[in-house]
Amino acid sequence: MNTLPIVFAALMPVLAIVVAGFLSRRVGWLEAQADESIMRLVVHLFYPSLIFYFILGNEALRNPFTIALPPLAAFLMVVGGFVVALRTARWLGIESVKTRRTFALSTGLFNYGYFAIPVSLLVFGREVTGVLLVFNLGVEIALWFVGVGFLLGGRPDQSKWKRFFSPPVVALLIALLVNFLGWDRWLPRFVTDAFGLLGACAIPLGVLLIGAVAADLVKEQSLLKNQRITAAGVALRQGLLPLTFLTAAWLLPLPRELKAVIVVQAAMPCGILPIVLARYYGGDAAVAIRVILASVILCALTIPIWISLGIKWLGLG
């Protein structure tokens with residue numbers, strides 16, 4: 001079966017919402033003043049509801065091994081990406097320490113939420129998407145306890161614990177416990193239905209904001225500056241790293257659901273969050289903007305190719 005059209009069809013609605021967010025910002029329908037309120041709703045209400053909906057009743061997540069392995073795999077993937085990107089920055093001869101660290105963070109972190117979740121749901125279904133959300137716990141650990149350290153150069157950051165225990169992480173831990181103990185069977189149907197309806201708002205709103213932020217960033221920076229650094233970042237994020245991750249998934253005796261998650265996450269473009277972190281922690285925000293925007297623009301071509309290849313290579317079809 002040719003999976004490329006299926007993956008492409010799953011990705012197109014997500015990219016269409018990104019474009020809608022971009023245009024909404026440009027024509028003034030979505031003002032920057034509304035971003036904080038929308039994101040607060042997404043982070044505190046919609047995304048936790050999405051987590052409860054996909055984890056409660058998920059049989060794949062009643063096995064302790066299935067619960068523990070995805071975060072470990074995610075941590076190794078992200079930290080491995082940071083290390084490879086940092087070595088590449090040195091090989092490129094980037095002299096500025098903060099530019100090297102920002103390049104490593106921007107290239108090493110993939111978009112693990114608003115792009116990955118809808119693609120996973122449409123290509124692999126609800127059970128794999130639940131495992132993906134558990135996988136993301138390892139991404140959060142790697143981001144806040146290793147990635148931020150790249151920017152700080154080893155200096156302590158007392159706020160990382162507070163940032164790590166965000167509403168989605170807390171919701172994930174609670175949902176895993178309730179599901180593991182089987183308490184989800186006692187929840188009334190209207191509660192799970194409400195989680196589903198609220199959770200359905202998380203992805204469209206989150207992706208819409210990505211498009212709006214992209215419209216703001218395009219005004220600030222030209223993608224044509226420092227093309228060598230931008231090209232290297234994209235080559236790593238959407239070339240070498242996916243190949244490495246898929247090879248590891250092929251060689252290791254991993255559960256089928258985790259292999260499917262790795263296929264999705266390996267194909268993702270750079271995450272958006274490093275732009276914010278670079279600004280907050282004194283990194284090179286201009287480099288983060290250029291690498292990330294170039295990666296997101298190219299993902300319409302690379303995501304279908306890598307996911308289609310991964311499904312065939314790992315026998316997930």
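Reply: Let's begin with helix H5 (residues 116–124) and helix H12 (residues 256–267), whose axes come within 10 Å and cross at roughly 135°. Helices here are DSSP runs of H or I with at least four residues, strands are runs of E with at least two, and both are numbered from the N terminus. An axis is a line fitted to C-alpha atoms, for helices over the stretch in contact, and angles go from 0 to 180 degrees between N-to-C directions. H5 and H12 are therefore oblique to each other; under 35 degrees would count as roughly parallel, over 145 as roughly antiparallel, 65 to 115 as roughly perpendicular, and oblique is the rest.

A quick word on the source: this is a predicted model, where local features need pLDDT of at least 70 and side-chain atom pairs count only at pLDDT 80 or more, while totals for chains, interfaces and linings use all residues. Residues are numbered from 1 along each chain as its sequence is written, and side-chain values use heavy atoms, with hydrogens and water left out.

On the H5 side, Ala 116, Ser 120 and Phe 124 make the contact, and they meet Ala 260, Val 263, Val 264 and Gln 265 of H12; contact means heavy atoms within 4.5 Å. By class, that contact has five nonpolar, two polar and no charged residues. Nonpolar covers Ala, Val, Leu, Ile, Met, Phe, Trp, Tyr, Cys and Pro, charged covers Asp, Glu, Lys and Arg, and the others, Gly among them, are polar.

Next come H2 and helix H9 (residues 189–199), which pack at about 130° with their axes 7 Å apart. H2 and H9 are therefore oblique too, and their crossing is left-handed. Among the residues in contact are Phe 46, Ser 49 and Tyr 53 of H2, along with Phe 195 and Gly 196 of H9. The classes come out at seven nonpolar, four polar and no charged residues.

A cavity is a set of points, on a 1 Å grid over the protein atoms alone, where a 1.4 Å probe fits but cannot get out, and lining residues have an atom within 4 Å of a point. Points are joined across faces, edges and corners, and the volume is the space filled by probe spheres set on them. The lining of the largest cavity includes Tyr 47, Tyr 112, Asn 136, Glu 140 and Leu 172. Helices H2 (35–55), H6 (126–152) and H8 (167–181) each give two or more residues to that lining, with H6 supplying the largest share, four. Its residues split into eight nonpolar, one polar and one charged.

The second largest cavity has about 30 Å³ of space, lined by Ile 210, Ala 214, Ile 272, Leu 293 and Val 296. Helix H10 (202–220) and H14 each give two or more of those residues, and the lining has five nonpolar, no polar and no charged residues.

That brings us to H14 (residues 285–313), which packs against H11 (residues 227–251) at about 30°, with axes 9 Å apart. That angle makes H11 roughly parallel to H14, and H11 passes H14 in a right-handed crossing. Their contact includes Gly 233, Arg 237 and Trp 250 of H11, plus Arg 290, Cys 299 and Trp 306 of H14. By class, it has 13 nonpolar, eight polar and two charged residues.

Notes:
Left-handed = near helix turned anticlockwise from the far one by under 90°. 1 Å grid on protein atoms, 1.4 Å probe; cavity = no way out; pocket = protein on both sides within 12 Å on 5 of 7 lines; lining within 4 Å.
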